[in-house]
Amino acid sequence: MNLSAALLDALKAHGAREIFGIPGDYALPFFKVIEESGILPLYTLSHEPAVGFAADAAARIHAGPGVAVVTYGAGALNMVNPIAAAFAEKSPVVVVSGAPGKGEAQRGLLLHHQAKSLDSQYRIYEEITCAQACLDDARSAPAEIARVLRACLSCSQPVYLELPRDMVNAPCEPVQAVAEPAYDPEALAACADEILARLHRARSPVLMIGVEVRRFGLEEKVAELARRLGLPVVTSLLGRGLLAQTDAPLLGTYIGVAGLPAITELVENSDALFLLGVIVSDTNLGVSAVHIDLRMSIQALNRRVTIGHHVYPEIPLGPLVEALLARLPAQRPAAPRHEPAAYPRGLPADDAPIRPLDIATAINDLMDARGKMPIATDIGDCMFLAMDVEHTALVAPGYYASMGFGVPAGLGLQAATGERPLIIVGDGAFQMTGWELGNCRRYGWDPIVLLINNASWEMLRAFQPESKFNDLDDWHFAEAAAALGGEGVRVHTRGELVRALGAAQRRRGRFQLIEAMVARGAMSPTLARFVEGVKSKRT
Ligand code: TPW
Ligand code: MG
């Protein structure tokens with residue numbers, strides 16, 4: 001066996017299902033093996049940021065590693081931002097970068113795509129991945145690959161593998177996977193007991209679910225845990241979309257002052273907030289009018305449980321959920337008396353102009369009539385209006401908040417699941433990565449793309465209305481759809497929006513771009529509250 005086949009087999013054995021990439025001369029030999037071996041399907045895109053976002057979305061949706069393969073320097077450094085995003089949002093992306101061969105590096109010349117030194121790229125990636133290896137020794141390579149892929153799965157974060165081009169065909173042993181790091185069952189038992197005692201004593205315990213629950217494949221078990229505990233359940237902002245496929249007693253999403261008052265009060269008045277896999281970030285917990293006292297909370301994140309001043313290190317989330325379930329009776333306690341969030345429905349198909357909330361309403365009506373779709377959003381009002389869309393599988397940059405995520409993430413969703421996604425994106429973000437839709441035709445992808453064109457960086461305008469640089473030009477995106485292999489329509493009224501969504505849903509085989517024209521200054525209620533909340537926190 002050679003090194004590249006050993007790597008591809010190992011990726012597949014660790015749960016990878018497809019590869020996204022863009023080749024370059026340092027990566028051409030590896031791409032040749034990827035294509036000719038057929039071990040994993042290869043999807044090439046147009047610009048490396050999209051490769052990173054698509055691999056990230058694939059990882060999020062199938063809760064296993066996503067793979068992004070790029071060339072050295074110009075390729076890998078182009079992908080730093082999406083991998084930083086995946087690191088922050090705990091998405092397990094395996095980056096494989098081609099690199100100069102060992103011999104080339106020893107000739108004393110600077111090599112093309114080299115920045116400062118030949119290992120600059122490796123050191124940059126050390127900052128944004130949880131494990132790294134340079135596969136420049138065929139004897140140690142199998143163990144190095146196993147170590148790095150184990151870290152990817154155990155930490156649910158990106159990892160970095162550098163593959164010098166003269167190593168691609170080096171003879172090599174197959175990769176033997178390494179086991180999960182061990183934990184102390186007695187510590188786990190003590191921790192589970194303490195959590196349950198703490199919840200039992202509390203007046204108003206609340207369970208908040210975060211992305212780790214999905215990353216570690218625990219949604220069904222956590223839904224069962226929620227039922228047995230009989231606690232009100234909410235998701236964090238980044239955790240929006242979790243538990244959508246379960247019958248957990250889910251109320252909605254906590255977004256502090258930006259969210260529904262009933263959920264905000266419940267979370268902020270809780271005397272035992274159980275944060276299960278929630279990243280403790282400003283977007284998840286900071287947008288509150290009151291200061292949430294984390295000493296009153298129970299936090300399980302990053303293989304560590306913190307209960308007040310007690311810290312239990314090395315408690316992985318899966319075994320913790322199992323231990324809690326094992327301690328709870330199977331019968332259901334009385335359902336908690338909290339109303340789940342109600343989402344807007346029944347958009348009149350009239351001649352009124354489109355407001356952002358109308359878009360959420362139209363999507364709810366469509367999904368009621370034709371079934372749920374997985375959704376990818378960008379950052380901007382598209383993400384905030386998605387909070388008014390009924391719970392469905394969702395990938396969105398809810399914490400790191402990088403623009404350009406939505407369209408490539410949607411392509412990643414369709415590649416990974418075969419399901420047709422709905423992409424919701426603003427005009428500013430579409431200017432960054434919208435061109436990637438041109439790759440749909442050759443792979444048979446046909447997402448429905450709802451582009452909110454307000455000719456504006458509206459979210460920035462909301463923070464700083466006096467700045468004229470937030471005015472964008474009107475790019476007439478729908479007209480570009482045909483050239484990219486899809487179909488586009490521009491809609492101005494609610495009636496046109498409803499009809500366009502229905503028509504797009506019926507037309508399969510090509511991407512359907514609906515360019516919804518929205519007035520500058522119009523915002524979803526959630527974004528308006530979010531901006532007010534952030535502004536008042538700053539002053
Ligand atoms: C890679 C900063 C956050 S939101 C925003 C900017 C520029 C405006 C988005 O405009 P769009 O949506 O897409 O038209 P909308 O609803 O506000 O009109 N560069 C990157 N990421 C971020 N987050 C920014 C800049 C930003
Ligand atoms: Mg805009």
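Trainee: Where does ligand 1 sit?

Mentor: In the largest pocket. Keep in mind that we're looking at a predicted model.

Trainee: How do you know that ligand 1 sits in that pocket?

Mentor: The test is that more than half of a molecule's atoms lie within 2 Å of the pocket's grid points. Ligand 1 is listed as sitting in the largest pocket, so it passes that test. Two elements give two or more residues to the shell around ligand 1: helix 18 (427-433) and helix 20 (458-463). Helix 18 provides the largest share, four residues.

Trainee: What makes a residue count as part of that shell, and how many are there?

Mentor: One of its heavy atoms has to lie within 4 Å of the ligand. For ligand 1, 16 residues surround it, and Asp427, Gly428, Ala429, Ser456 and Met459 are the closest. Sorted by class, the shell has seven nonpolar, six polar and three charged residues.

Trainee: What about the backbone of aspartate 381 and of alanine 429?

Mentor: For aspartate 381, a backbone N or O atom lies 2.9 Å from a ligand 1 oxygen. For alanine 429, the backbone value is 2.8 Å, again to an oxygen atom of ligand 1.

Trainee: How much of ligand 1 does the protein cover?

Mentor: On its own, ligand 1 has 590 Å² of accessible area, and the protein covers 79% of that.

Trainee: What lines the largest pocket?

Mentor: There are 26 lining residues, with Ile379, Gly380, Asp381, Met459 and Leu460 nearest the centre. The space inside is about 390 Å³. Helix 16 (381-385), helix 18, helix 20 and helix 23 (525-538) each supply at least two lining residues. The classes come out as 15 nonpolar, seven polar and four charged.

Trainee: Why are some spaces called cavities rather than pockets?

Mentor: It comes down to whether the space is open. In a cavity, a 1.4 Å probe fits but cannot get out, whereas a pocket is an open set of points. This structure holds five cavities of 30 Å³ or more.

Trainee: How much space lies in the largest cavity, and what lines it?

Mentor: About 120 Å³. It has 14 lining residues, and the closest to its centre are Leu238, Arg240, Leu394, Val395 and Ala396. Helix 10 and strand 15 (394-395) each supply at least two residues here. By class, nine residues of the lining of the largest cavity are nonpolar, one is polar and four are charged.

Note on methods. Residues numbered from 1 in each chain as written. Chains lettered and ligands numbered in written order. Predicted model: local features only at pLDDT ≥ 70, side-chain atom pairs only at ≥ 80, totals over all residues. Heavy atoms only, no water. Polar contact = N/O pair within 3.5 Å; in protein donor to acceptor, adjacent residues only side chain to side chain. Areas by Shrake-Rupley, 256 points an atom, 1.4 Å probe, with all protein chains shown as cover. 1 Å grid on protein atoms, 1.4 Å probe; cavity = no way out; pocket = protein on both sides within 12 Å on 5 of 7 lines; lining within 4 Å. Nonpolar A, V, L, I, M, F, W, Y, C, P; charged D, E, K, R; others polar. Points joined across faces, edges and corners; volume = space filled by probe spheres on them.
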